[in-house]
Protein chains: 2
Amino acid sequence: MSDQERQKAADPHVSSGRAADSIVARIQQQILSGELEDKAALPSERDLMERFAASRTVVREAVATLASRGLIDAKPRFRPIIRKPGYDTALNSIGNIVELLLKETGGVAALFESRVFVERGLVRDAATSAGREDIARLKEALAANRDAIGDSQRFFSTDVAFHGVLYEIPRNPIFPTVHSAYASWLSPHWSRMLRSPERNQVNYLSHEAIYTAILERDPDAAEAALVTHLRTAWEHVRETFGLEH
Amino acid sequence: MSDQERQKAADPHVSSGRAADSIVARIQQQILSGELEDKAALPSERDLMERFAASRTVVREAVATLASRGLIDAKPRFRPIIRKPGYDTALNSIGNIVELLLKETGGVAALFESRVFVERGLVRDAATSAGREDIARLKEALAANRDAIGDSQRFFSTDVAFHGVLYEIPRNPIFPTVHSAYASWLSPHWSRMLRSPERNQVNYLSHEAIYTAILERDPDAAEAALVTHLRTAWEHVRETFGLEH
DNA sequence: TTGAAAGTTTGGTCGTACCAAGGAGCCATC
DNA sequence: GATGGCTCCTTGGTACGACCAAACTTTCAA
């Protein structure tokens, strides 16, 4: 059987371009259906080429596509690990491009602005409808933040965590994802900001003000406190490596 | 020169995994720097393999990666077209995964909820700080929407456009992108909704109420009108193919 | 029991070959 | 001279086989 004969016999289905796409679709479906277990390793490429009666070329292309979609985690010399998609997967797959966009003028500023926008809504809602449990978690995060004032490193992470609680209050899985997005895309810029216990103290007080306003069920005050907080922080970031906007 | 000899001589640089990555990086940089012009065709694969002194296998993998990142537009049998990244590119590259997520229980609901959240903030801000020009555009979009009440097809698009104006008011390129995202991911579900001039009429009135509230600089009223509007629409969508949530 | 050596698998890369569809050039016909 | 084919070339899609190096397994001796 010559090459061309084999090729003809291989896949008499639709003429539409890539054969790899077909395999991608099938593997994807197997991942979603759980036929291929989460966190397990994908079968070897030579194995896959038998299962799908395709050449390794095609299989490899399919695997690459799957990897780019985030459905499998393909480190250089290791077997690809299957990963059921979650919102974080989506975030991951968009990361590359966003990083490029942030390099453009105003990119970081635009992103930060959108964050302010989102968190304004978040604190308003928190002030309106945060439950007992939400308040408790906020309080906890606030305390952790206060305890870290002396340690800028730890202050930063508790800072992020405090804001993170805000994103969890709506009980919508999209929001925590958005929070991670902001954290991962903005923090490279944030981390350059000069830090000191004095500044941490100021930031802590801002957090406290936000918390208090939420506790007092005052959306306007909460929003105002949040805006003040973030704008101030932004100023600090800007002056640290003043170029944006 | 045997295969292995050639291989050894090829690229003595960093040992880090894939050679394709290196090519991806270089091409990407060339695209960003404008060295490879936007909307022009990428050189042929056989050409690229000479330029980068790599096998076609590697070149193809690089091209595939670039395509998945949205930096080039690779249709099946055509030369890939170079495309400078914009926010829409990012949106595009995330589309696949999101579609999967939407199939999960509550996925659409979660997305819709986030939309309500965003638009609530949007109308509040519009009511607070929309400029003369913004108002004019809103008015225009509203008029177009009214004129389309009798034509459900056109009503839908003017509906989307009206909401779209809201996203443009902040003058932040991220927001229109978010709007496109909502539009493209939600509309498949929306389009199944039963439509009629009567319903269109109701929706139009909602739009009008939002517009009026913005005009009167009343954030609370605007937000309330928006929420009522979207919640009602959501009910209609739900009852049409009642499963979500 | 354990740790190192030997053997096997597997991903990464290369080269070559063929097909089919797009595209360029050529020619006869109108 | 314009137009509709009809070649021939280019190019992307796919296949196969080979080889390396790193990862994984098994083996076996201390």
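## Helix packing and the two-chain contact in a predicted model

The crossing of α6(A) and α11(A) is right-handed.

Two packed helices are described by the angle between their axes and the distance between the axes. For α6(A) and helix α11 of chain A, which spans residues 219-240, the axes come within 8 Å and cross at roughly 155°. Angles over 145 degrees count as roughly antiparallel, and α6(A) and α11(A) are therefore roughly antiparallel to each other. On the side of α6(A), the contact is formed by F112(A), V116(A), E119(A), R120(A), V123(A), R124(A), A126(A), A127(A) and T128(A). Their partners in α11(A) are P219(A), A222(A), E223(A), L226(A), V227(A), L230(A) and W234(A). By class, the residues of this contact divide into eleven nonpolar, one polar and four charged.

**Domains of chain A.** Chain A is divided into domain 1, covering 3-82, and domain 2, covering 89-240. The centres of domain 1 of chain A and domain 2 of chain A, taken over C-alpha atoms, are separated by 41 Å.

**Relation and contact of the two chains.** The same surface serves both copies, as 100% of the contact residues of chain A recur in chain B.

How many residues of chain A are in contact with chain B? There are 32 residues of chain A in contact with 32 residues of chain B. On the side of chain A that touches chain B, α4 (56-69), α5 (87-103) and α6 (107-129) of chain A each supply at least two residues. The most is given by α5(A), with ten residues. This side of chain A comprises 16 nonpolar, ten polar and six charged residues.

**Two partners of α9(B).** In chain B, helix α9 (residues 174-190) is paired with helix α5 (residues 87-103) and with helix α8 (residues 152-168). The table sets out the axis geometry of these pairs.

| Helix pair | Axes come within | Crossing angle |
|---|---|---|
| α5(B) and α9(B) | 10 Å | roughly 35° |
| α8(B) and α9(B) | 8 Å | roughly 150° |

The angle of the second pair makes α8(B) roughly antiparallel to α9(B). The crossing of α5(B) with α9(B) is right-handed, and α8(B) also passes α9(B) in a right-handed crossing.

In the second pair, α8(B) contributes V160(B), H163(B), G164(B), Y167(B) and E168(B), which meet F175(B), P176(B), V178(B), H179(B) and A183(B) of α9(B). Here the contact has six nonpolar, three polar and one charged residues.

Definitions and conventions: Residues numbered from 1 in each chain as written. Chains lettered and ligands numbered in written order. Predicted model: local features only at pLDDT ≥ 70, side-chain atom pairs only at ≥ 80, totals over all residues. Contact = placed C-beta atoms within 7 Å. Helix = DSSP H or I, 4+ residues; strand = E, 2+ residues; numbered from the N terminus. Nonpolar A, V, L, I, M, F, W, Y, C, P; charged D, E, K, R; others polar. Domains from an automatic or database assignment. Axes fitted to C-alpha atoms, helices over the stretch in contact; angles between N-to-C directions. Parallel < 35°, antiparallel > 145°, perpendicular 65-115°, else oblique. Left-handed = near helix turned anticlockwise from the far one by under 90°.
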